[in-house]
Amino acid sequence: MAEGRGRQEIGPIVSSAHLADGALPVLSELEFGLILASNAFDRWMVRCMTAAGEPGCAAIDVLVLHSVAHRQRPKRLGDLCSVLGVEDTHLVIYAIKKLEKRCLVKSTRAGKEKLIAATDKGLETCLKYRAVREALLVDSVRGLGLDPAATSAVAATLRALSGHYDQAARAAASL
């Protein structure tokens, strides 16, 4: 029993106790948090896009649309995959085709390269998405009183960890 609390200490919340038994148990706790956050974020993007007037999009479709609309400059397929950390280009190609059918993006050629740009409808949809996000998510998260510098540090840590996971994935692929 935990001293002074009258209840048993149950330890960290993890999805796989056999992984938490290793040399860095806190990593399993972090991974479980990432799993939950990733799934919640995917659900959020899909439902926010539906509320913005584009039902039936997958999370990857939403990510691609926002990336294509970023700074309103056409993007190359390879750059989209790189920025999003997507190894399988077919996933992004399929998302682009779906977005083209919805008239949210358009493809053009610059020599041998295919460039993808947001259409006016795509940019308008991104703005509707932003409005829904501001109303339903930003205001409630702001209420948590998170320190902007600490939140930015968490984001930087997650980006750094992604590099370690990518390196470990490359090493695992060579086994």
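Helices α2 and α6 are roughly perpendicular to each other (angles of 65 to 115 degrees count as roughly perpendicular, under 35 as roughly parallel, over 145 as roughly antiparallel and the rest as oblique). This is a predicted model, in which local features need pLDDT of at least 70, side-chain atom pairs count only at pLDDT 80 or more, and totals for chains, interfaces and linings use all residues. Residues are numbered from 1 along each chain as its sequence is written, and side-chain values use heavy atoms, with hydrogens and water left out.

**Helix α2 against helix α6**

- The axes of α2 (residues 25-51) and α6 come within 8 Å and cross at roughly 115 degrees. Axes are lines fitted to C-alpha atoms, for helices over the stretch in contact, and angles run from 0 to 180 degrees between N-to-C directions.
- From α2, the residues W44, M45, C48, M49 and A51 meet T125, Y129, V132, R133, L136 and L137 of α6. Contact means heavy atoms within 4.5 Å.
- The residues of this contact divide into 9 nonpolar, 1 polar and 1 charged. Ala, Val, Leu, Ile, Met, Phe, Trp, Tyr, Cys and Pro count as nonpolar, Asp, Glu, Lys and Arg as charged, and the others, Gly among them, as polar.

**T125 in α6**

- T125 is found in α6, which spans residues 120-142. Helices (H or I, at least four residues) and strands (E, at least two) are DSSP runs, numbered from the N terminus.
- T125 counts as buried because its relative accessibility is 4%. Buried means under 20% relative accessible area, exposed over 50%, and partly exposed in between (1.4 Å probe, protein chains only).
- Leaving aside neighbours within four places in sequence, T125 is in contact with M49, A52, E54, L65 and L104.

**Helix α3**

- The buried residues of α3 include L65 and V68.
- After α3 comes R71, which has a positive phi, near 60 degrees.

**The strands**

- Strand β2 (residues 105-110) runs antiparallel to β3, and 6 bridges join the two. Two strands pair if DSSP finds at least two bridges between them.
- Strand β1 (residues 75-76) also runs antiparallel to β3 (residues 113-118), joined by 2 bridges.
- L115 in β3 stands opposite R76, and L115 is also the bridge partner of T108.
- The hairpin of β2 and β3 has 2 residues between the strands, and G111 there takes a positive phi near 70 degrees.
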